[in-house]
Amino acid sequence: MDDYLVGVLSNIGIVSFIALSAWLLLLTGEISFGQQAFFAIGAYAAGIATALWGWPLGAALGWSAAIAGGAAVLVGVPTLRLHGLYFAIATLGFAEMVRLLFEQFHYRVMIDGELVGPNGSDGFRGIRYIFENDVGSLQFLALIYLLLAAALAGFMLLERSRLGVAFRMIGEDDTLAALNGLAVARLKILAAGLAGALAGLGGGLYAHLTTYVEPRVFDVMLGVHSLAYGLIGGLGTALGPLLGVVIDIGLLESVRAFAGYRMIVFGGLVAVLLIVRPRGLLDEALVHRIGRLFVRAPPAGP
Amino acid sequence: MFEVSDIVATYGKIEALKGVSLKVESGKITCLLGPNGAGKTTLMMTIAGILQPRRGAIRLDGMDLAGLSPARIVSRGVALVPENRLVFPQMSVRENLLAGAYQRRDRAGIDSDIDRMYARFPRLKERREQMAGTLSGGEQQMLAVARALMSRPRLLLMDEPSLGLAPLIVAEIFEIIAELNRDGTTIFLVEQNAHMALKVAHQFFLMEQGRITFSGTPGQLAEDEVIQRAYLGSRRAAG
Amino acid sequence: MTALRLAGALAAAAACLSAGAFAQVGAQAPQAQVKMRAKADVACRPTSTALHYDCTIRLTNARTGEPLGGVTLTVGADMPSMPMMHSVRPVAAPPEPESGSYRARLALEMHGDWALQLNLSGPLRDRVVAIVRFEPGRAESRPGG
Ligand SMILES: Nc1ncnc2c1ncn2[C@@H]1O[C@H](COP(=O)(O)OP(=O)(O)OP(=O)(O)O)[C@@H](O)[C@H]1O
Ligand SMILES: [Mg+2]
């Protein structure tokens, strides 16, 4: 396969994790502009684990998901009391704070005659696990999509589960959800933790794909895009954010017809879609209708 | 027996409930009437645990409900049909009914209860796969009642079930309320429609400015006085 | 409660799936030998066409400092502030007469900081990232890049 194609597909796969992360919060009714913070935490955590501590990739990725999920729970406890705009702003503030902290974060270790590790705003290079261990780019691509498939399978199970229904109920009306007997606060924190873990896993993969991260990568731009993917793709199914990613990176980015104007085209697309289909392309109504095609309901009685 | 005693609830510095006490007898329909802003919704939300009372006790058959989370209160057998926020609009009618049974685990029981709801509300059955947000106001109100019943409450709280509905639908809703009560559900109902409320209620309370100002049976107070006090408050009625 | 239990089950399922994937990757990755590693110096010059730059890349063996000739080099780029977007399709960087020297012509979408991805294949497979600031009429590599 063409290297460029492998690269684009790898990017689509990795961005999908953070898009799913933002989408999971959208599902519970929260708009987060800050999922890039957990992506960053995951990227640094996984990079440090393999490059500085010599961990195997699997352990490093698990660790990146765990620490990002843990951080999301810790941040979620105070911020999830906030609502709407206030929550959105709090997430944005938190993410910027994390980015600034990484600009001050120096943790360098002499490895093989060279200092390796996060070096403030100069970034963290030499996350060379896949080169040290001869993981081919196709193999790494397969790993990305395997994990993405596992995450999607998880979402499919979730959507059929009580927990998934609970997330949707909270997203539509959290007071009404509480009146139906849901432990709303706890469920929201759980959703935030799962979303953080997903973003962290994506970050861990990203660091190993590019071998290099720096704080600027985790700028609010990334968070806004991840949020936009769910809004474009739709709230009805976890395939929604993936559709958003494919439209943006797969079409706009790769077709290159718009070159430097791409961001403008993308912004316009989001604006138009929000007006025409406020809950995204694959919204609940559409997904419900499609679902009904497959599940034959017993005919309405006479 | 359900009992509220000396409940005080505030929004910031505003005292919306200034020591409310009332009793709701099991198996009866009890109605709470009062003018706009009297604190009726505040009382319902406090009973349901959405708002925490500053002071006072809330007891259902001896269990203390004050200070519990809404989820715990549902598990103790209280369900509220709130004012204005009736259904999950992006979920189908059937999913809304399942939502009401969130705390239950008995699959078979839930399925048979859904069938019972469809039997009682045939219009919901016809629309079971329709998104709840696209139902008419009356249908949404019926769905909200059915959804609340799915938790098999011992006490059903309803906040203005006739709000914004045409007279024919209002009559239908009250018919259902009476029917539910005949089947043994204890009902505590907030209403503005004093005429309908007094027709079905066994017991009623008047609330004005965060206080209970009258309690008795429908026969005890002339309907026009009730109506006057329920719509306008007693200051005007007296003046 | 069940909510938490279910989430636990989901996490466990995901962990099992991924563990499988890693086992495979791990199997092909015995404890890394001390491998050769590349180091790169990048110098870019503007050309007569706006946003097109000529870059000279000097590759060395990071350990010995010797020039690294004979590898196949491609150069891609993306902007650190917009990761995974605006990426420039990798171009081949053919070797120059001087050993370890390669040349690539980059067509960028806009000015600003770019992360050049130097992808080495052939005798040595590696990836080195260099940060270069491209401005109208000039380009400057960040030290350590
Ligand atoms: N969220 C709030 N913040 C501040 N004050 C509130 C809030 N909700 C209600 N109030 C005030 O508390 C008082 C009681 O309101 P409540 O909604 O309980 O009245 P009500 O009896 O249900 O009226 P209605 O018949 O119009 O529904 C009112 O004065 C109202 O303005
Ligand atoms: Mg009210």
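Tutor: Chain C has one helix and eight strands in its secondary structure (both are DSSP runs numbered from the N terminus: helices are H or I with at least four residues, strands are E with at least two).

Residues are numbered from 1 along each chain as its sequence is written, while chains are lettered from A and ligands numbered from 1 in the order in which they are written.

The model as a whole scores ipTM 0.91 and pTM 0.87. For chain C, the mean pLDDT is 79, and 74% of the residues reach 70 or more (pLDDT is the predictor's confidence in each residue, from 0 to 100). Residues 1-32 of chain C stay under 50. The model has 30 contacts beyond four places in sequence for that stretch (a contact means heavy atoms within 4.5 Å). Where pLDDT is low, the predicted coordinates should not be read in detail.

Chain C has 145 residues, and 45% of them count as buried (under 20% relative accessible area; exposed is over 50%, partly exposed in between, with a 1.4 Å probe and protein chains only). Its accessible surface comes to about 7,000 Å² (Shrake-Rupley method, 1.4 Å probe). Carbon and sulfur atoms account for 58% of that surface. Of the contacts in chain C between residues at least 6 apart in sequence, 53% join residues at least 24 apart.

Now the sheet. Five strands of chain C form an open sheet in the order E4-E3-E6-E7-E8, and the pairing is antiparallel (two strands pair if DSSP finds at least two bridges between them). At the edges of this sheet are strand E4 (88-92) and strand E8 (138-141) of chain C, each of which pairs on one side only. From one strand to the next the twist averages 30° (axes are lines fitted to C-alpha atoms, for helices over the stretch in contact, and angles run from 0 to 180 degrees between N-to-C directions).

Strand E6 (residues 112-121) and strand E7 (residues 126-135) of chain C run antiparallel and are joined by nine bridges.

For comparison, turn to chain B. There, four strands form an open sheet in the order E2-E1-E4-E5, with antiparallel pairing. E2 and strand E5 (63-64) of chain B each have a single partner strand, so one side of each is left without a neighbour in the sheet. Helix H1 (residues 40-48) of chain B packs on this sheet and touches E1, E2 and strand E4 (55-60) of chain B. The direction of helix H1 makes about 110° with that of E1(B).

How values were computed:
This is a predicted model: local features need pLDDT of at least 70, side-chain atom pairs count only at pLDDT 80 or more; totals for chains, interfaces and linings use all residues. Side-chain values use heavy atoms; hydrogens and water are left out.
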